[in-house]
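Biologist: I have a two-chain model open. Could you take me through it?

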Amino acid sequence: MSITTVSSLFTTAFELGLISSLTVLALFLSYSMLNVCDLSTDGCFTLGAAVGAVTVLSGHPLLAIPAAIAAGALSGFITAFLQTVMGIDSLLAGIIVNTGLYSVNIAVMGKSSLLNMNRAETVFSKTQALLKGTALEGQFKLIIALAAVILVILFLTVFLRTRLGLAIRATGNNVDMVRSSSINPTFITIVGLCISNSFTALSGCLLAQSQKSVNIDIGSGMVTIALASLLIGGAFMGKGSIAKRAVGAVLGAVIFRIVYTVALRFNMPAFMLKFVSSVIVIAAISGPYLRSRLPEYMRRFKGKGENIC
Amino acid sequence: MLKLINISKTFNKGTVNAKIALDGISLHIKKHDFVTIIGSNGAGKSTLFNAISGSFLTDTGVIELEGKDITLMPEHKRAKFIGRLFQDPMLGSAPGMSIEENLALAAGHGGWLSVTSKADKAMFREKLALLEMGLEDRMKQPVGLLSGGQRQALTLMMATINPPKLLLLDEHTAALDPATAEKVLELTKSIVKNEKLTCLMITHNMQSALELGNRTLMMNHGKIIFDIEGEPRENITVGGLLEKFKTASGTELTNDRMLLSEQEEQK
């Protein structure tokens with residue numbers, strides 16, 4: 001394998017990592033801050049991809065981005081509405097919305113489960129044309145992905161320091177305290193999920209445009225992959241300021257993609273991606289738990305031995 | 001100031017587990033009153049506070065605060081006028097957020113998208129210094145690192161940073177060690193006095209029930225069975241109060257913690 005192939009493989013992994021890190025940042029907001037495990041992520045990712053693709057195909061590549069963001073926010077609103085106003089458990093609300101979105105997404109894509117943007121003008125092709133002749137010409141994908149990630153991180157670091165942002169964090173931390181501060185947690189949960197889902201949809205929209213196609217399964221397993229990335233990032237960055245943790249989330253997504261790319265090189269079949277992400281999430285969540293129980297297991301094990309004697 | 005008219009609440013209505021928690025309570029609290037509330041386990045003291053602060057909707061009755069009907073007002077809206085402290089010091093603050101962030105939320109200054117101003121930070125610092133716990137130098141630290149007493153003092157500050165019309169204290173010093181409890185109680189007294197708050201306090205300590213405030217209520221089985229203020233209250237002893245409970249309710253006053261504290265006193 002030549003050096004150029006290796007470097008291009010890593011660049012691709014890096015780009016993909018950055019684009020999917022937007023979904024990781026969405027989970028950073030909903031899972032780490034608001035303490036809601038948003039299982040509508042998969043469907044919302046596809047929704048963003050589908051809405052973006054349809055807008056691109058109608059000849060408005062720039063409009064695709066706000067359109068996808070708006071669609072994501074709407075999807076987040078419904079998930080949040082179900083769990084706050086309608087009294088549906090938050091996990092169940094996510095699953096229900098995810099299921100519903102499958103039909104919605106096919107409808108958005110014009111009753112098709114596959115859309116092609118090969119000949120359409122996308123945000124990426126527009127940027128490529130813009131950069132023609134400059135040194136950055138080949139890096140148009142990286143530039144867009146990086147710009148999106150930086151904007152979202154900047155937004156998060158500023159937003160989470162505002163009163164609304166503090167209220168989101170407090171809602172995930174101690175909801176009674178939010179109520180006693182005269183803040184309605186229903187409103188806060190709705191705002192939080194609208195924002196996080198708009199990031200997810202943006203992530204889907206960019207991925208679809210960068211690979212110039214959408215299929216209905218583009219988002220399947222995204223929630224587990226993003227969660228795995230978030231936990232990897234947390235393991236690397238640890239606790240700290242919001243900005244540091246947000247950067248950690250992005251780092252986690254990039255590391256995940258690079259490890260995956262390397263694994264593919266070592267002949268791991270591509271279909272194993274989701275299995276691997278599941279294993280990572282299991283290890284990351286139950287690892288600390290099992291470690292904390294270790295002394296107890298050890299004592300039980302030793303105790304057994306003594307009884308026999 | 002606070003008017004309760006015929007407040008009732010039954011939990012698990014229509015089942016074998018039905019429990020009448022509040023049984024037609026009517027109560028009138030005057031402005032600047034400091035009322036202490038005592039009663040057996042399960043007498044409905046905390047349920048009364050839940051009803052006032054809006055944790056649930058009562059089955060019957062009307063709740064008025066300063067002439068305004070708040071019976072149907074949701075909890076978070078009532079929180080503007082009603083501050084509340086619980087026995088558990090963990091309940092009142094967000095452990096993962098810093099002292100400063102907790103105070104900023106409690107203060108609620110500025111619009112949704114505003115960040116905590118320098119003036120506010122200076123004000124928090126000044127107020128924290130009054131607690132004499134050194135918290136003013138730890139404003140960036142997460143609240144989860146504080147001790148129970150420090151957290152309760154912080155919660156007290158959060159509940160009164162915008163002076164509420166009514167302050168509800170639900171055995172807020174019961175989970176603290178005696179010295180810290182004493183300190184938090186002193187803080188409570190000075191805040192209530194300085195801000196001229198109207199205050200209801202549940203306590204298991206009969207002595208402080210009589211020493212603190214200007215009126216004492218005794219509850220049993222969801223009813224107020226004894227209400228004493230003014231001169232008769234000044235002249236009554238803890239023994240006399242227990243006797244009153246016996247005649248009013250027909251049973252001995254039973255409260256696990258109360259028994260414990262009596263034993264401590266006998267020693």
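Modeller: Let us begin with a pair of strands in chain B. Strands β4(B) and β5(B), residues 68–69, run antiparallel and are joined by two bridges. Strands here are DSSP E runs of at least two residues, and helices are H or I runs of at least four, numbered from the N terminus; two strands pair if DSSP finds at least two bridges between them. This is a predicted model, in which local features need pLDDT of at least 70, side-chain atom pairs count only at pLDDT 80 or more, and totals for chains, interfaces and linings use all residues. Residues are numbered from 1 along each chain as its sequence is written, chains are lettered from A and ligands numbered from 1 in the order in which they are written, and side-chain values use heavy atoms, without hydrogens and water.

Biologist: Which residue stands opposite B:E64 in β5(B)?

Modeller: B:D69 does. In the hairpin, which has two residues between the strands, B:E66 takes a positive phi near 50°.

Biologist: Which strand pairs with β4(B) over five bridges?

Modeller: That is β1(B), residues 2–11, in the antiparallel sense. B:L4 in chain B stands opposite B:I63 of β4(B).

Biologist: Changing topic, how many salt bridges cross the interface of chain A and chain B?

Modeller: The rule (a side-chain nitrogen of Lys or Arg within 4 Å of a carboxyl oxygen of Asp or Glu) finds one. The side chains of A:R169 and B:E101 meet in a salt bridge at 2.9 Å, N to O.

Biologist: Which element gives the largest share of the side of chain A that touches chain B?

Modeller: Helix α7(A) does, with seven residues.
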